[in-house]
Amino acid sequence: MIRTATLAAAALALFAGSAHAQEAAGNWSFGLGAATDNRSKDASKSDGEPFVWGEAQWSNASGFFYAGPAFETIKASTGSDLEVSLVAGIRPQLAGFDLDISAEHKWHVDANPGADDEAWEFTADISRSIGPASARVRVQHSPDSTGSTEAWTWVALRGGWDFTNKLKGTAEIGRREQDNSIDYTGWNVGVSYALTDAIEADLRWHATDADVPGEQYKDGLVAGIAFAF
């Protein structure tokens with residue numbers, strides 16, 4: 001896993017370097033991070049083990065359109081321990097609400113021969129903040145996921161509160177319906193703290209109602225750190 005993560009980080013760094021030649025056409029942002037578990041929709045993608053991630057994102061001058069690549073380490077049923085992706089989306093505003101609509105294509109690197117190692121994922125967020133309070137509704141769908149899972153849909157509601165300009169708490173509950181896999185309800189609650197303008201730490205409890213042996217749907221506390229530049 002360390003080897004593939006290092007290769008992915010190097011590729012991302014090369015991509016970031018090439019961005020400087022195109023600064024006049026838009027704005028670039030980059031992120032790197034790590035956590036004690038790779039949780040997505042409250043289920044583990046790394047079998048309960050630590051992971052690293054990175055992303056590069058270009059947005060136009062207004063911030064309406066964005067696109068870019070990303071990577072994260074995983075432990076998938078396809079045999080892969082690295083997922084790479086490309087995403088493109090728009091961030092319009094409507095009647096005081098912020099929207100974020102995107103399409104993402106994901107690949108599992110070095111998957112087992114014959115494994116279903118790629119998928120499309122579509123996301124629509126609608127959010128609003130009033131003072132220290134914030135709320136978001138998220139709908140995600142994949143017509144055919146990686147591995148043996150086929151189509152799935154995730155719908156989640158998240159609420160947040162800014163205790164200070166550095167400390168924020170959030171809680172989320174969601175439902176995932178899956179073809180050829182289990183349906184479950186997941187939830188998480190935690191806090192994030194801005195150590196600096198570019199470094200944020202997060203501590204979060206994840207849980208699901210899935211009664212399945214193993215680490216994928218097991219409840220757990222996850223600590224993470226993210227660097228933005």
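The legends below describe close-up views of a predicted model.

View 1. His105 lies in strand β8, which spans residues 97-108. With a relative accessible area of 12%, His105 is buried, the cut-off being under 20%. Its side chain makes a polar contact of 3.1 Å with the side chain of Glu118. Apart from neighbours within four places in sequence, His105 is in contact with Val84, Ser85, Leu86, Glu118, Ala119 and Trp120.

**View 2. Salt bridges of Lys106.** Lys106 counts as buried at 11% relative accessibility. Its side chain meets that of Glu83 in a salt bridge (3.9 Å, N to O). This pair links distant parts of the chain, with Glu83 in strand β6 (residues 82-90) and Lys106 in strand β8, 23 residues apart. Lys106 also forms a salt bridge with Glu121, where the closest N and O atoms are 3.0 Å apart. Here strand β9 holds Glu121 and strand β8 holds Lys106, 15 residues apart. Glu121 is buried, at a relative accessible area of 9%. A network of salt bridges links Lys41, Lys45, Glu72, Glu83, Lys106 and Glu121.

**View 3. The salt bridge between Asp202 and Arg204.** The closest N and O atoms of this pair are 3.0 Å apart. Asp202 is partly exposed at 25% relative accessibility, whereas Arg204 is buried at 10%. The whole structure has 13 salt bridges.

**View 4. The second largest pocket.** This pocket holds about 620 Å³ of space. Its lining has 29 residues, and Lys45, Ser145, Thr146, Arg176 and Gln216 lie nearest its centre. Seven lining residues are nonpolar, 14 polar and eight charged. Strand β9 supplies the largest share of the lining, three residues.

Terms used: Residues are numbered from 1 along each chain as its sequence is written. This is a predicted model: local features need pLDDT of at least 70, side-chain atom pairs count only at pLDDT 80 or more; totals for chains, interfaces and linings use all residues. Side-chain values use heavy atoms; hydrogens and water are left out. Helices (H or I, at least four residues) and strands (E, at least two) are DSSP runs, numbered from the N terminus. Buried means under 20% relative accessible area, exposed over 50%, partly exposed in between (1.4 Å probe, protein chains only). A polar contact is a pair of N or O atoms within 3.5 Å; within protein, one must be able to donate a hydrogen and the other to accept it, and residues adjacent in sequence count only if both atoms are side-chain atoms. Contact means heavy atoms within 4.5 Å. On a 1 Å grid over the protein atoms alone, a cavity is a set of points where a 1.4 Å probe fits but cannot get out, and a pocket is an open set with protein on both sides within 12 Å along at least five of seven lines; lining residues have an atom within 4 Å of a point. Grid points are joined across faces, edges and corners, and a volume is the space filled by probe spheres set on the points. Ala, Val, Leu, Ile, Met, Phe, Trp, Tyr, Cys and Pro count as nonpolar, Asp, Glu, Lys and Arg as charged, and the others, Gly among them, as polar. A salt bridge is a side-chain nitrogen of Lys or Arg within 4 Å of a carboxyl oxygen of Asp or Glu.
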